[in-house]
Amino acid sequence: MARIFISATHKSSGKTTLSIGLCAALHAQGLRVQPFKKGPDYIDPLWLGAASARACHNLDFNTMTPDEIIQTVQHYAASADIALIEANKGLYDGMALDGSDSNAAVAKLTRSPVILVVDSRGMTRGVAPLLLGYQAFDPDVQIAGIIFNRVGGARHASKLREAVEHYTDIKVLGAVQNNPEMEIEERHLGLMPSNESSAAATQIARIRDLVAEQVDLSALLAIARGAESLLLPSPLAGGEATRSSVWDGVGMGGTPLRIGICQDPAFAFYYPGDLEALQTAGAELVPVNTLKDTALPVLDGLFVGGGFPETQMHALAANVSMRESIRNAIENGLPTYAECGGLMYLSRSLVWNGEQVPMVGIIPGDAVMHAKPQGRGYVKLQETADMPWPGGDEQAVINAHEFHYSCLENLTAQGRFAYRMRRGTGIDGQYDGWIYRNLLASYTHMRDTAQCHWARRFVAFIRLKQQGN
């Protein structure tokens, strides 16, 4: 299985832009490119998926076992010509001091040759000791190639190449010139999501052409094709086999459930694997556009994921009929799950940049945006006795993540909560998962993996409600 791991010496070196360009350039050659992203990211995978025309899947030590990470790579890359795994932050960066959750750990676990992206601004001969240090720090990491980024010109590129070739055995695969046309607009959570940008396809094509001109794709492919074989068999442990079995007599089998998925410029944060898990559990996913649709279609359940409702706040507020349709549906008992941006949309109002607009109004509080993150990073949860979904364990700790600049303020009612925060912020620093009728809304982003099969639990909850339980 041909594969490469794209990492960098440090954050903001341009590895995501280069990864997008590489995916698009290899895809343009007729290759089937399967992208992966290290960590709990939503935005970069949207761009990587658009560039490769294949859904990008996340690899995250926080929510996945090492076996799951290997098996996920095998499962989704089996039908591809090459897998491209993009790191987050620098090669050796991670939360654990021993590097057990670092990008290097993923590269070693998946036996992937590393292509190191180096932001070369202000650097010439000094790149050699930098690379030698990266090689010596962990000899088990195979740094097979380097791509210089933000190069100042032909002379600069020549000096960099000479230093690397003289002092190291690392192959220089390219020197990408500093070019504003390579940039993708950023905002508070990172890159602008590709689903919001009408010019996304044009920008991807521009990056593709610039990368193809300045990176030796043939040499990169040769490195990818030389990757060692993975060790474990390809069936997904705790995945398809488990998900297709009967679970507690509910959740699987029977008539497919119509679950609405809000997918539009306001809401786009969904893990492809989670959507697959919903389908495997018996759901038919029905797209809902909260900006353009006038009302919900006939549904058995609703999932409002994360996103940037603040950037679409006026359009969301203007669609009064959809807001009323969702509010009435939840009041009438429609099983609904909302995460982060979805919680904000279901609140009474959204406040940002001195403006306040009405939202759905089912949660009696205001989602107020702040200049700094109100909750950011990995979280640990324990379910409370009020958790309505079947199959839970109040003693189990659930690993997930949050990243929100808003907080829920001016709550006018005392709520019941599904989760107790063991680490993280959630809604009030102690709890997350607002419960009202058959609604569960939280700031936490869940991931359907062996440690927490939330998708089939949600489907099982819908079936129980249909049975009158």
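Colleague: Is Cys340 buried or exposed?
Modeller: Cys340 is buried, because its relative accessible area is 7%. Buried means under 20% relative accessible area, exposed means over 50%, and partly exposed lies in between (1.4 Å probe, protein chains only). Please note that this is a predicted model, in which local features need pLDDT of at least 70 and side-chain atom pairs count only at pLDDT 80 or more, while totals for chains, interfaces and linings use all residues. Residues are numbered from 1 along each chain as its sequence is written, and side-chain values use heavy atoms, with hydrogens and water left out.

Colleague: What does UniProt list for Cys340?
Modeller: The unreviewed UniProt entry lists Cys340 under "active site". UniProt positions are given in the numbering used here, feature names are shortened, and annotations may be inferred rather than shown by experiment.

Colleague: Where does Cys340 sit, and what does Cys340 touch?
Modeller: Cys340 is in the loop between β15 (336-339) and α13 (341-346). Helices (H or I, at least four residues) and strands (E, at least two) are DSSP runs, numbered from the N terminus. Leaving aside residues up to four places away in sequence, Cys340 touches Phe403, His404, Ser442, Tyr443 and His445. Contact means heavy atoms within 4.5 Å.

Colleague: How many disulfides does the structure hold?
Modeller: The structure holds 0 disulfides, a disulfide being a pair of cysteine sulfur atoms within 2.5 Å. For Cys340, the nearest cysteine sulfur is that of Cys407, 12 Å away. For Cys452, the nearest is that of Cys340, 17 Å away.

Colleague: Changing topic, in what order do the strands of the open sheet run?
Modeller: The 9 strands follow the order β12-β10-β13-β15-β24-β23-β22-β19-β20, with mixed pairing. Two strands pair if DSSP finds at least two bridges between them.

Colleague: Which strands stand at the edges?
Modeller: β12 and β20 (398-404) stand there, each with a single partner strand, so one side of each is left without a neighbour in the sheet.

Colleague: In which sense do β19 and β22 pair?
Modeller: Strand β19 (residues 375-383) and strand β22 (residues 416-423) pair in the antiparallel sense over 4 bridges. Gln382 has Arg420 in β22 as its bridge partner.

Colleague: What about Val288: where does Val288 lie, and is Val288 buried or exposed?
Modeller: Val288 lies in strand β12 (residues 283-288). Val288 counts as buried, because its relative accessibility is 1%. Among the residues that Val288 touches are Gly260, Leu296 and Met322.
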